[in-house]
Amino acid sequence: MISSARHLFDLPHDVTYLNCAYMSPLSRQVAQAGRDGIDAKQRPWEVVPADFFATADRGRTAFARLLGAPATADDLAIVPAASYGMATAAANLPLGPGQRVLVLAEEFPSTILTWRSRAQQAGAELVTIPRPADDDWTAAVLSAIDDRTAVAALPACHWIDGVRLDLSAIRSRLDQVGAALVLDLTQSLGVMPFDLAAVDPDFLVAACYKWLLGPYSIGLLYVAPRRQQGTPLEQHWFGRAGSENFSALLGYPEAFQPGARRYDMGEPANFALIPPAVAAVEQILTWGVANLSETIGAYNAAILARAEALGATAVSARLRAPHYLSLRMPATSESLAEQLASERVYVSVRGGGTLRITPHVYNEAHEIDRLFAVLEPVLRRAGRP
C-alpha cells in the first residue's frame, strides 16, 4: 500500500478530486519538467541536433519500461492522441469486404469513429457487441469472434464502469481465426497491471493525460514487431534513416528509422511535453503499478461499502478494475455532479447516470467523508418510498 502522495501535487486542502479517469492533475515535479522544457525553447542556440533525438528516445525508453518485456524503445512511437494511434492501426491492418471489426457498445468515440470509417471504406462490417446483462464483457467478446473477425478494437477496462476484459483469453481466441488485436489502454495503463507478452497486441495506444499522470496532447503507441513495416500517417524527415545528420536532409531517403519510429507524429521531439510525460511515468514506476492498483482499489472499496449501505450498487469486484468505481444509484439527480462540484468534490457522471469515481494516491481517507457529506442526503432521499 502506498501512503498518501498528496504533498507531491498542488491540490488545495478543500479540493477532493476523484476524477482521474477524466484528467489527472500534474504533480509538482511533472509540471516543473514541462516548465524546464519550455524554458529550453527560449534559448534555441543551446539546442543541438542530438537533443531532438535524445528527447524522443528518452520518452520511448520510459514507456517501454512501463509496458515491460518484451517491449523495447524501438517498439514505441510518439503520438499526440489515442485517436492517432487508432488511425495508424486502421491504416495498417488488412480488412476486406465481408470481414468484421469488433468493438464494445458505449466505447470511447475515437475507437468507434475510427473503425466505423475504416469498415465503410473496406466494405467490412462494424460489429458493436451489446453490453452484457451480467457485465461479463470477456464472455461477450469471445462469443462474438468467428471466422469473419479481422480486428478486435478493445480496452483493458470499459471507460464507463471499469469492467475488465481478459485480454489474454481474447488474444488466444483471435489467434484461432487469424484476427488482429488493437488496444486503447488510456483508462488503465499506469494503474492496472498489463502482461504484454501474454496479450501480444498488434497495436496498443495510450494517451498520457489520465492514469499516466502526464500532460495533454502526448501519448505512446506500441507496435508489435510484425507490424513495424507499414505506412505512417505522416511523411516527415524525423522518421527517415539518417535524419540525425541535419546537413543531409535534402537527400530525401526512402528508408525509415528502425522499429516503430516511422509511425511517430510530426515533431516528436516535443521539448515541452516529452520531459513531463517521462517524469510522470518514472514516478509511476517508482510507486509500482501493482501497488497503485491495490492502494486505489482499497480506497474505492471503502467508498463502495458506504454507498451500498445507502442503496447504491456497482459492478462486482470480480469483474471490475480496482481503480474504477461507478455507482449505480437508486435514482440519479441530473445535477449531482454539479452539487458535488459546488462543494469542491469532483467526479464524473457517465453512461446513463452512473457516478464514476476514480481516485489516485493523492487522495486521503478524510476525503471520503467530504464525498458522502453531499452524496448521503441524495441517496437517502432516493431511498424513501
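Trainee: Is the crossing in which α2 passes α8 left-handed or right-handed?

Mentor: Two packed helices are described by the angle between their axes and by the distance between those axes. Here α2 passes α8 in a left-handed crossing (the near helix is turned anticlockwise from the far one by less than a right angle; clockwise would be right-handed). Element names follow DSSP runs, numbered from the N terminus: helices are H or I of at least four residues, strands E of at least two. This is a predicted model, in which local features need pLDDT of at least 70 and side-chain atom pairs pLDDT 80 or more, while totals for chains, interfaces and linings use all residues. Residues are numbered from 1 along each chain as its sequence is written, and side-chain values use heavy atoms, without hydrogens or water.

Trainee: At what angle do the axes of helix α2 and helix α8 cross?

Mentor: The axes of α2 (residues 49-67) and α8 (residues 274-287) cross at roughly 25 degrees and come within 9 Å. Axes are lines fitted to C-alpha atoms, for helices over the stretch in contact, with angles from 0 to 180 degrees between N-to-C directions. The crossing angle therefore makes α2 roughly parallel to α8 (under 35 degrees; over 145 is roughly antiparallel, 65 to 115 roughly perpendicular, the rest oblique). On α2 the contact (heavy atoms within 4.5 Å) is made by T55, R58, G59, A62, F63, R65 and L66, and on α8 by residues including V278, V281 and L285. The contact of α2 with α8 has ten nonpolar, two polar and three charged residues (Ala, Val, Leu, Ile, Met, Phe, Trp, Tyr, Cys and Pro are nonpolar; Asp, Glu, Lys and Arg charged; the others, Gly among them, polar).

Trainee: How do the axes of α5 and α6 cross?

Mentor: Helix α5 (residues 137-144) and helix α6 (residues 167-177) cross at roughly 5 degrees, their axes coming within 10 Å. That makes α5 roughly parallel to α6. T138, V141 and L142 of α5 meet A169, I170 and R173 of α6.

Trainee: What order do the strands have in the open sheet of seven?

Mentor: Strands of a sheet pair through backbone hydrogen bonds, parallel or antiparallel. The order here is β2-β8-β7-β6-β5-β3-β4, with mixed pairing (at least two DSSP bridges between two strands). β2 (76-79) and β4 (125-129) are the edges; each has a single partner strand, so one side of each lacks a neighbour in the sheet. Inside the order, β5 (residues 149-155) and β6 (residues 180-184) run parallel, joined by five bridges. A152 has L181 in β6 as its bridge partner.

Trainee: Which strands make up the open sheet of three?

Mentor: They are β9-β12-β11 in that order, with antiparallel pairing. β9 (325-327) and β11 (348-350) stand at the edges, and the twist averages 35 degrees from one strand to the next. β9 pairs with β12 (residues 354-357) over three bridges, and S326 stands opposite R356 in β12. Helix α9 (residues 289-308) packs on the sheet, touching β9 and β12, at about 15 degrees to the direction of β9.

Trainee: Which two residues does a cis peptide bond join?

Mentor: Most peptide bonds are trans, and most residues other than glycine have a negative phi. A69 and P70 are joined by a cis bond with omega of about 10 degrees; P70 lies in the loop between α2 and β2. D135, not a glycine, has a positive phi of about 70 degrees and is found in the loop between β4 and α5.
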